[in-house]
Amino acid sequence: MPVEITWWGHATCTIEDSGVRVLTDPLFARRLAHLRRRRGAAPPPEARRADLALVSHLHADHLHVPSLAGLAPGTRLLVPRGARRAVPALRRLRHLRVTEVGVGDEIHVGRLVVRAVPALHDGRRLPVGPQRSPALGYVVEGAARTYFAGDTGLFDEMAEVVGPVDVALLPVGGWGPYLGEGHLDAGRAARALARLAPRSAVPVHYGTYWPIGMDAVRPHEFHAPGDEFVRLAAEYAPRVAVHRLGHGERVRLEVAR
């Protein structure tokens, strides 16, 4: 049975599996604080249609309250445990069915099972507040097992805690000229791919947002990660089919169990 993946930009994807639409880290803004969308048109209204939305951590480019507010009434929303305490604006989204989850929790939506898995990343709501909330990845299991990594660094137990997967949505860059701790660049993402050994992979979290006024500062960090990941994945994980999507593009993957 097929699974379809659409990349809308940054970490925002739609996973369509077993008749269920899953939206990851919804971010539809043209501008966010000091960032502006430099590539790809703003996602169309259909991008907001989902049965379930996943939020990996509390950073504003992953938990974007105005984007969540645009989801249809009744949409199920999974957020890391402690999110409503750390981000009070979430409490105003009464039209959504919000559930806080932690590592190991499983949620059933239609014919899917969604499991929260660890991520190596600072999950706090920055730049304010001492509240800590775990950064998560998610494994969406239906006809396929699709791993959405959110934001994470490479860690030794990654393959063990994620488990066998068919498709990996891996971050390969960021939104500025430098990546801090707890991130995958193209090289680390390729090494993660070798450990996870899925059938297919889609690079995300690059080539969408960039700081205002920094167009000429290390522009290769904005443009290059997708192609660099494709190149390095062929070296580290040659059996994995890598699909580098443009903004709004979709790939249909046949999965045989």
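Start by selecting W210 and F222: both are buried. The model is a predicted one.

The charged end of R38 sits over the ring of F222, 4.6 Å from the ring centre. For another contact of this kind, select R48 and F28: R48 lies over the face of F28, at 4.3 Å from the centre of the ring.

Next, go to the aromatic pairs, of which the structure holds two. Select W7 and Y206. Their ring centres are 5.3 Å apart with the planes at 10°, so this pair is stacked. W7 is in strand 1 (residues 2–9), while Y206 is in the loop between strand 14 (200–204) and strand 15 (209–211), so the pair ties together parts 199 residues apart in sequence. W7 is buried, at a relative accessible area of 1%, and Y206 is buried too, at 3%.

Finish at the second largest pocket, whose volume is about 160 Å³. Select V172, D185, A186, E221 and P225, which lie nearest its centre among the 13 lining residues. Helix 5 (220–223) and helix 6 (225–236) are the elements that give two or more residues to this lining. Colour the lining by residue class to see six nonpolar, four polar and three charged residues.

Methods
Residues numbered from 1 in each chain as written. Predicted model: local features only at pLDDT ≥ 70, side-chain atom pairs only at ≥ 80, totals over all residues. Heavy atoms only, no water. 1 Å grid on protein atoms, 1.4 Å probe; cavity = no way out; pocket = protein on both sides within 12 Å on 5 of 7 lines; lining within 4 Å. Points joined across faces, edges and corners; volume = space filled by probe spheres on them. Helix = DSSP H or I, 4+ residues; strand = E, 2+ residues; numbered from the N terminus. Nonpolar A, V, L, I, M, F, W, Y, C, P; charged D, E, K, R; others polar. Phe/Tyr/Trp six-rings, centres within 6.5 Å; stacked < 30°, edge-to-face > 60°. Buried < 20%, exposed > 50% of the residue type's maximum accessible area, 1.4 Å probe, protein only. Lys NZ or Arg CZ within 6 Å of the ring centre and 35° of its normal.
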